[in-house]
Amino acid sequence: YKAGGFTWKIETDQSEEGAYENSDLLISNKVTGHSYAAQKAGTSTNLVFKHILSKLTINLVGKTTFAEGEFVPEDVTILGIKTSINVKVADVNGEVTYENAPNAENKPIKPLEGTSEGPRNLKYEAIVIPGQTIAAGEFITFKMKLGTSENTYTAKLPINLTFKAGKEHVFTITVDKVGVSVVTVTLQDWLSGGDPVEDQIN
């Protein structure tokens, strides 16, 4: 990276795995002992990378009022997400700082559909810029066909929420046929595996 920092942009359509992965940014500051000579000698240390952006996980949970095969959300969209930021990494300790990018825009984001836990428990994931505060109110929309009609559902944030770097923000949205009944928000460490320590924020 450049000494003066760099601008990082996330994809607005992350519904494909490649675009989702291209939006992620990991940095390692554990470089002591890591060199070609050390690698050749077998004494090199492993680089330890960490996520420096934020992750959103959306769990759409349909109530049992939906018949089998009826709970099929479409066009899931996260509203008003900042799409770029300036990132600086200190040479001495690898500390990461953020600044607003010039001409940064807020746009809707299409998340990646993740591994679901059942026909009425669907998961979606997106990478977003940390530090942005989303005001309580409309935040996630999706559509669903019931019979011959197509309905639009809107999930509202119950609180103001600031995205934290290196954290996974889990939104659990309970849905019945007339609309969204419950939205809860949980913050946890963003890990690639294992059991994260959770911090309830709602």
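Phe139 is buried, with a relative accessible area of 1%. Here, buried means under 20% relative accessible area, exposed means over 50%, and partly exposed covers the range in between, with a 1.4 Å probe and protein chains only. The model is predicted: local features need pLDDT of at least 70, side-chain atom pairs count only at pLDDT 80 or more, and totals for chains, interfaces and linings use all residues. Residues are numbered from 1 along each chain as its sequence is written, and side-chain values use heavy atoms, with hydrogens and water left out.

The overall composition comes next. The protein chain has two helices and 17 strands. These elements are DSSP runs, numbered from the N terminus: helices are H or I with at least four residues, and strands are E with at least two. Of the 202 residues of the protein chain, 40% count as buried. The chain exposes about 11200 Å², and carbon and sulfur atoms supply 48% of that area. Accessible areas come from the Shrake-Rupley method with a 1.4 Å probe; for residues, only the protein chains shown count as cover. Contacts were also examined, a contact being heavy atoms within 4.5 Å. Among contacts between residues at least 6 apart in sequence, 63% join residues at least 24 apart.

Aromatic rings were then paired. A pair of aromatic rings is described by the distance of the centres and the angle of the planes. Rings of Phe, Tyr and Trp (its six-membered ring) pair if their centres lie within 6.5 Å; planes under 30 degrees apart count as stacked, over 60 as edge-to-face, and the rest as tilted. By this rule there are four aromatic pairs. One of them joins Phe139 and Phe163, a tilted pair with 6.5 Å centre to centre and 40° between the planes. Phe139 lies in strand β12 (residues 137–146) and Phe163 in the loop between β14 (161–162) and β15, so this pair ties together parts that are 24 residues apart in sequence. Phe163 is buried, at a relative accessible area of 2%. Phe139 and Phe171 form another tilted pair, with 5.3 Å between centres and 45° between the planes. Phe139 belongs to strand β12 and Phe171 to strand β15, so the pair ties together parts that are 32 residues apart in sequence. Phe171 is buried, with a relative accessible area of 1%.

At 53% relative accessibility, Glu138 counts as exposed. Leaving aside neighbours within four places in sequence, Glu138 is in contact with Leu79, Thr154, Ala155 and Lys156. Glu138 and Leu79 are 59 residues apart in sequence, yet their C-alpha atoms are 7.7 Å apart in space.

Charged side chains were examined next. Side chains of opposite charge can pair when their charged atoms come close. A salt bridge is a side-chain nitrogen of Lys or Arg within 4 Å of a carboxyl oxygen of Asp or Glu. The whole structure contains six salt bridges. One of them joins Lys55 and Glu125, with the closest N and O atoms 3.2 Å apart. Lys55 lies in strand β4 (residues 54–62) and Glu125 in strand β10 (residues 121–128), so the pair ties together parts that are 70 residues apart in sequence. Both Lys55 and Glu125 are buried.

Lys88 and Glu99 also meet in a salt bridge, at 3.5 Å from N to O. Lys88 is in strand β6 (residues 84–89) and Glu99 in strand β7 (residues 96–100), so this pair ties together parts that are 11 residues apart in sequence. Lys88 is partly exposed, at 34% relative accessibility. Glu99 is partly exposed too, with a relative accessible area of 40%. A further salt bridge joins Lys107 and Glu105, their closest N and O atoms being 3.4 Å apart. Lys107 is partly exposed, at 34%. Glu105 is partly exposed, at 44%.

Asp176 has no such partner. This residue, Asp176, sits in strand β15 (residues 167–176). Asp176 is buried yet has no salt bridge; the nearest side chain of opposite charge, Lys63, is 4.1 Å away. For charge, Lys and Arg count as positive and Asp and Glu as negative, while His and the chain ends are not counted. A polar atom of the Asp176 side chain lies 3.1 Å from the backbone nitrogen of Val178. Not counting residues up to four places away in sequence, Asp176 touches Lys63, Thr65, Phe66, Tyr153 and Ser181.

Technical notes. Polar contact = N/O pair within 3.5 Å; in protein donor to acceptor, adjacent residues only side chain to side chain.
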